[in-house]
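Subject: The structure we talked about

Hi there,

Here is the structure I promised to pass on. Have a look at it first, and then read my notes below.

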Amino acid sequence: MGMKDPVGKKITFFGDQQCYIIGVIKDFHFNNIKNKIAPLLLHINHNEARYAYLRVDSENISNTLNYIEKTWKQFEPEFNFNYSFLDETINNLYRAEQRSNKLINYFTIFALFISCLGIFGLASFMAEQKTKEIGIRKVMGASVLTIIRLFTIEFIKLVIIANIIAWPMAWFAMNKWLDNFAYHTSLAWWMYGLGAVLSLTVVIVTISYQSYKAAIKNPANSLRYE
């Protein structure tokens, strides 16, 4: 309002109501954080009290509510006693985000499970296709570790390509979602790096069994394989 020392000054609002400023408080969120903090005036009207805010102990809530209702009826028997908890009211402001978070978590787990099945099946198929090649490599002196590395490198290349494609899409989608909030965090580069490391770990763990199984086969049986 452009006042350097507002306390004690008279203001007019709602057309003709005049009052004095008795204090100034710091900005705080009184709405969903999707919105910026807006100007707020707290007006004390002794003739129109609609709500009472009470801090209660978390123990014996039912007895506390019964006592408050009984006291309420002594002063205002004509008005129904309705109540709500502030933490629940605040949580309701972000109910949509909580649902989205659960759905994303469920679909992420499901996608990882399907991906692991696909990688496992692909590793099994490659092991069958390269049976003779593996046998020849072992006859030529290749170790089990070398065979496992042969399988792993091919899948790591695919995962790296997938990450390169996914990073810009993830960055764009997350920034669009964060733009819905007036105040939000920023996306750091290490988040994408962590995603890449986790995806590589999942792939290596998934194909390690098939790679090891193919690497320890008897090369004589592998060379006779048709």
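Below is what I found, grouped by topic.

Please keep in mind that this is a predicted model.

Let me start with the salt bridge. A search of the whole structure turns up one. Its partners are Lys 34 and Glu 97, whose closest N and O atoms are 2.9 Å apart. The pair ties together distant parts of the chain, since Lys 34 sits in the loop between β2 and α1 while Glu 97 belongs to helix α3, 63 residues away. How covered are the two partners? Lys 34 counts as partly exposed because its relative accessibility is 35%, whereas Glu 97 is buried, with a relative accessible area of 16%.

Next, the surface. Ile 25, Phe 28, Phe 30, Leu 40 and Leu 42 make up a nonpolar patch there, and together they have about 510 Å² of accessible area. Ile 25 is found in the loop between β2 (17-20) and α1 (61-75). With a relative accessibility of 55%, Ile 25 is above the 50% cut-off and therefore counts as exposed.

Finally, helix α6. This helix covers residues 189-215, and its 27 residues reach 37 Å from the first C-alpha to the last, close to the expected 39 Å. You will find a kink of about 40° in α6, centred on Ser 208. Several α6 residues are buried, among them Tyr 192, Val 203, Ile 207 and Ala 214. Which helices do the buried residues of α6 pack against? They pack against α3 (95-129), α4 (131-139) and α5 (144-178).

Note on methods. Residues numbered from 1 in each chain as written. Predicted model: local features only at pLDDT ≥ 70, side-chain atom pairs only at ≥ 80, totals over all residues. Heavy atoms only, no water. Patch = residues over 30% accessible without salt bridge, like charges linked within 9 Å, V, L, I, M, F, W, Y side chains within 5 Å. Areas by Shrake-Rupley, 256 points an atom, 1.4 Å probe, with all protein chains shown as cover. Salt bridge = Lys/Arg side-chain N within 4 Å of Asp/Glu carboxyl O. Helix = DSSP H or I, 4+ residues; strand = E, 2+ residues; numbered from the N terminus. Buried < 20%, exposed > 50% of the residue type's maximum accessible area, 1.4 Å probe, protein only. Expected span 1.5 Å × (residues − 1). Bend = angle between axes of the 7 residues up to and from the residue. Contact = heavy atoms within 4.5 Å.
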